[in-house]
Amino acid sequence: MGNALSKPATGAFIIVCPLDSLPDVLSQHRRARLVTFASPGNTPSEIISGNVISDHLALEFNDIPAPRDGYLAPTAAHVEQLISFVQDWRSDVPLVLNCWMGISRSTAAAAIALAKLRPDLTGTHIGKALREAGPSATPNPLMIAHADGLLDRGGTLIRGIKAIGRGAVAHSGSVFSLDPTAIGALRPHG
């Protein structure tokens with residue numbers, strides 16, 4: 001399993017972490033491009049302000065799998081912002097993806113980043129890479145569904161993530177890293 005301590009040789013890596021690990025990750029990687037996912041009004045600005053962040057995108061919505069009264073569900077516009085942010089990423093700094101537990105929103109973002117950065121990867125391969133790196137990863141299905149449509153994946157990203165199932169039960173996810181350039185492509189099956 002990868003972690004924030006072992007940087008891939010290419011320098012192009014994605015780090016997924018829960019909120020309680022964010023200060024350590026940011027101090028370890030002096031420069032980073034950061035995406036934080038928080039419930040409305042809860043972006044952890046006090047943690048972020050003391051660190052050198054190349055760029056920061058804060059997306060606020062509730063971690064729910066479908067729209068529900070009284071909650072703000074992830075929308076296609078939220079995912080579109082994430083995809084644009086990932087598209088502009090320079091691989092000389094890590095892309096840090098953070099949410100409260102490091103299990104759902106940030107792992108969905110990692111899958112979406114891989115789908116954007118590596119259109120040659122199948123949804124199945126993205127799901128398997130995510131599961132191998134993050135045993136507790138349980139990507140938010142609504143974020144994945146929006147990304148599948150926005151990236152014109154024809155349902156393959158949804159199926160690839162659904163195939164890995166729910167991750168291991170955990171109070172908090174572990175910090176892990178993915179090197180998009182080191183993930184090999186499968187033959188196109190979906």
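How many of the seven residues of β2 are buried? In this predicted model, seven of seven are buried, and the strand is mostly covered. Its side chains divide into two sets. Ala32, Leu34, Thr36 and Ala38 point one way from β2. Arg33, Val35 and Phe37 point the other way. Both sets are buried. In a regular strand the side chains alternate between the two faces of the sheet. β2 pairs with β4 in the parallel sense, over four bridges. Within that pairing, Leu34 has Val96 of β4 as its bridge partner.

The largest nonpolar core holds 41 residues. Val35 and Phe37 are among those with the most contacts inside this core, together with Ile14, Leu82, Leu95 and Met143. Helix α4, residues 105-117, supplies the largest share of the core, with eight residues. A second core is separate and has 11 residues. Its members include Leu19, Leu26, Leu34 and Val96.

The surroundings of Phe37 can be listed in detail, leaving aside residues up to four places away in sequence.

Leu82 belongs to the buried set of α3. This helix has 12 residues. From first C-alpha to last, α3 reaches 16 Å, close to the 16 Å expected at 1.5 Å a residue. The buried residues of α3 are His78, Val79, Leu82, Ile83, Phe85 and Val86. Seen down the axis of α3, they fall within an arc of 160°, so they line one face of the helix.

Charged pairs were then examined. Side chains of opposite charge can pair when their charged atoms come close. Four salt bridges are found in the whole structure. One of them joins Asp55 and Arg33, at 2.6 Å from N to O. Asp55 lies in strand β3 (residues 53-60) and Arg33 in strand β2, 22 residues apart. Arg33 is buried, with a relative accessible area of 7%. Asp55 is partly exposed, at 34% relative accessibility.

Asp92 takes part in two salt bridges. Its side chain meets that of Arg31 at 3.5 Å, N to O. This pair links distant parts of the chain, 61 residues apart. Asp92 sits in the loop between α3 (76-87) and β4 (95-99), and Arg31 in the loop between α1 (22-28) and β2 (32-38). The side chain of Asp92 also meets that of Arg90, at 3.4 Å, N to O. Arg31, Arg90 and Asp92 are therefore linked in a network of salt bridges, a salt bridge being counted within 4 Å. The relative accessible area is 48% for Asp92, 42% for Arg31 and 47% for Arg90.

Technical notes: Residues numbered from 1 in each chain as written. Predicted model: local features only at pLDDT ≥ 70, side-chain atom pairs only at ≥ 80, totals over all residues. Heavy atoms only, no water. Core = buried A, V, L, I, M, F, W, Y, C linked by side-chain atoms within 4.5 Å. Buried < 20%, exposed > 50% of the residue type's maximum accessible area, 1.4 Å probe, protein only. Helix = DSSP H or I, 4+ residues; strand = E, 2+ residues; numbered from the N terminus. Contact = heavy atoms within 4.5 Å. Expected span 1.5 Å × (residues − 1). Arc of directions from axis to C-beta. Pairing = 2+ DSSP bridges.
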